[in-house]
Amino acid sequence: MEYGLAAILLAALVAAVVLRPFVRGVGDDTRPSASREELEAAKEAKYREIRDARLDVEMGKLSIEDHRAIDRELRGEAIEILKRLDELDGKAPEA
Amino acid sequence: MAGVGSACLLVGLLTAVYAAGVSLYGARTGDRAAVVSGRRAIYCLAALLLAATAILQSAFLRSDFSYKLVAEGSSTDTPTFYKVTAMWATQDGSLLLWALLMSIFSTAVLFLTRRSLRDIAPYATTVLAVIAGFFLLLMVGWENPFTTLANPPVEGAGLNPLLRHPAMMIHPPMLYTGYVGFAIPFAFAIGALIVRQTGADWIRATRRFALVAWTFLGTGIMLGALWSYTELGWGGYWAWDPVENASLMPWLTGTAFIHSIMVQEKRGMLKVWNASLIIATFVLALLGTFLVRSGILDSIHAFGASTIGKQFLVFIAIVIGGSTALVISRLDDLRSKARLDSLMSREAFFLVNNLVLIALCVVIFWGTFFPLISEALTGEEASVGPPWFNRLTTPLALVLVALAAIGPLLPWRKASRFGLVRAFRAPLAVAAVTFVALLALTNAADSPLSLIMFCLTALVLTVVAQELARGAAARRTITGDPWPRAMAQLVARNRRRYGGYLVHAGIAVLFLGVAASSAFQEQRDVRVSPGDSFDAGGYRITYERATANLGRDSAGTGAPISFGAVLTARRGDETYTLRPSRNFYPSQDASTGPIGRFFEGEATSEVDVRWGLRRDLWAAVRPDISGLEPAIREGNEKFAGSNDTVQAVVIAALVDGYRNDPPPATFRVIDSPLVSWIWIGAAIVLLGALIAIWPSPEARLRRVTSIYAARLGKELSRA
Amino acid sequence: MDPQRKRKLRLFVALGAAVLLAGALIYTSFSASTQASTPSDLLANAEPGRSYELTGKVVADSVDKDGDKLTFRIRDREGKASLPVTYEGVVPDPFREGREVIVSGELKGGTFLAERDSLITKCPSKFTKDEQNT
């Protein structure tokens, strides 16, 4: 009956762990919200793109005019992300 | 303790079902507690499976033969190293390993995304729980690793000697890590599709898991090839066997995936494509796991008619059906506004690269399943062999290497004409010089395809070197650092890019080795007596003498009897000694006689290879023991009732007899140019992948800052 | 060329390449394949000169090794029909009486003459991650 006893014991242990959120509450609200993490990640990715483009023009893969156009576009997109991050923080968007 | 192990599995199954259900509930109702509960259930699952694995491993290490698995797969004289790995040499144990890895990876990804992807993560949890649950169901319902025997035998059957090789110890865990790793992005893709958040968020969160999976799967495949080369008696590393192909296919689509997600991250394109690719990769991973144990294809990995083949097929069908329906229902959300600007852009080349990889996968799929296809279409079961595979995959492989050379030279969106000329000048020059040099100085022209591959390899390596040099030069104009520091900083700050370039270089080197060793290999099969000499490739080989060992197996695999040979190989000034042998493992079958059973069990070829950068010299021997048979038969009769010591003396006498008066033995000797570069290339790929996966310090710093900033915000709002 | 037409052109080229590949696949596989058969299949209707892939079990007490040449009888997995086989080449490690093998070759005068190095032996146990090839 080792099997049965072990099963009951283990099931009880698991239940204790998984039911805790229902009992104790989640207390998640003061943590940074989900979309903040995603916006941060998107910001990182955009910065990496800007750096990649700069490396490309420095290495001669991209012509200076092409780079200027792409850089402008990417920086615009980055600013959008920063604006949304600011909104999340409750700051008024900068004019 | 076996009961506890079984209980772990049963409770694990129930936990997985609970996790799937509560996560789904939390996803649909927004109940945060439910979502957290589901996540914790996955953590519990990992703990349960760890416990179960620990119990099973302890049984192996203690040689507890009351466990059916230990009795069938291990023995007291199996070296400890192989007692540990014996667990996953069995059906049940390998299912446990799969489930364990699945739960650990799920735990990792859910922990890392516990604060982000709030909408997607619960659905992903459900998918992950269902997958883990399937494997648990297989174990609980049909193939329980904790099955015990009522009458445990005194001695176990021992680990199959062919598996007593270090590469075989790590090969299954590597492959499974690869398969399981791809389940993570798959689960998040499904979640993203369900909630219609088809942007790049799910990709960013799971990109590293895809890379890690790709790395492990690739390494596992290479280890299998290495094992084939060094352990089996044929001297080859790839046979286009169905099971080999089954592991290669998800790797190919996985490679396509890690390229095309970059396009989605940068341009927001290829959303449908990426979703389909990761679904295909995961399905192929399941298929790979299934093929190895189904018995539906005539393969040398014949695991016989399995009890769980049908269940796998049902599960795979559900995954395919469900995923396809989901993608089709979300097609509108997956359409992107961006379009391909120019064919001479990195996006375009990634797309072509994807198409070539898919084409390779289709070819291999077709060839692997051809017996079933032909039977369905023509009523006759037919199969295609390595020559067909080689004929169709070689041109595609050549195109792939060419793409790997050109891709890095192109920028995103559109390349300028001047930039292209400047970029291609040096690499094309080097390739041309290589071509001429090879034509003039070697016999490479004998194999045109190999010649092309050599030139393409030169192209790729030049491109990578050029990228490194030009990038470092660009840095130096700003920072004024010396060259080594500039290069190191360049790579450190652009890990994804330069890690990727290094992978390209590794692949090119790997293909170089493959091309050279297949096209220019020379093989001799001879039957000679001691003292005889023969030629193999550029070497003159002499069979010096026979060897015979009792209880001292040089490979450390625990074989009692080992017959071999000492060969000397001469080439110009160089002389090498090779000592191939053949290990004999005792049979469990008592009907072969007390003496005979030591010669009638499994036998493995212990190959000896003289590794070299320019060429390998590979030798295997098959000693002829038919001359010993009369003596063995006599021994069986005379010493049938004798004790072990007497039998050991008899066997020692037989072994000495072989050494002193050996009959002619059959040898296979292979002179293989540039084979080592396959393994070197694979190591370079691994290094490149690690560089690409390693998180950059800046990213880490910024993440920490944002947590502090958040805490500051929280505290400020409370004040 | 305006972007729309360019895109259509690319699509056609891609589709064309796919069709070509599919055609190459189908044509080459059906012409290069060897047909899988059992001893009873060959005993019943074997075409002389045609290459077959013979699967079956090695009959007990039928194995004889004479120098380089290996001869044995191969029978149906379930059944009695058997054929003699003559083989030269590498003999895989798990080769043994009673085990399932696959060997390619042609039937000549009642004996199956095997292609060199084409002998494959299937692994005996239920699930061992084994690879044995020639």
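This is a predicted model: local features need pLDDT of at least 70, side-chain atom pairs count only at pLDDT 80 or more; totals for chains, interfaces and linings use all residues.
User: Why is Leu117(B) called buried?

Analyst: Good place to start! Leu117(B) has 29 other C-beta atoms within 10 Å. A residue is buried if 20 or more lie within that distance, so Leu117(B) is called buried.

User: And where is Leu117(B) found?

Analyst: Look at the loop between helix H5 (91–112) and helix H6 (120–141) of chain B. Leu117(B) also has a positive phi of about 50 degrees, although it is not a glycine.

User: What makes Trp240(B) count as buried, exposed or partly exposed?

Analyst: Again, we turn to the neighbours. Trp240(B) has 19 C-beta neighbours inside 10 Å. Buried needs 20 or more and exposed needs 12 or fewer, so Trp240(B) counts as partly exposed. You can find Trp240(B) in the loop between H8 and H9 of chain B, and its phi is positive too, at about 55 degrees, although Trp240(B) is not a glycine.

User: How many residues does each chain bring to the contact?

Analyst: Chain A brings 36 residues and chain B brings 46 residues. On the side of chain B that touches chain A, several helices each supply at least two residues, including helix H2 (32–61) and helix H24 (697–718).

User: Which helix gives the most to that side of chain B?

Analyst: That is H1(B), with ten residues.

User: What makes up that side of chain B by class?

Analyst: The side of chain B that touches chain A has 21 nonpolar, 14 charged and eleven polar residues. For this count, Gly goes with the polar residues.

Key
Residues are numbered from 1 along each chain as its sequence is written. Chains are lettered from A and ligands numbered from 1 in the order in which they are written. Two residues are in contact if their C-beta atoms, placed from the backbone, lie within 7 Å. Helices (H or I, at least four residues) and strands (E, at least two) are DSSP runs, numbered from the N terminus.
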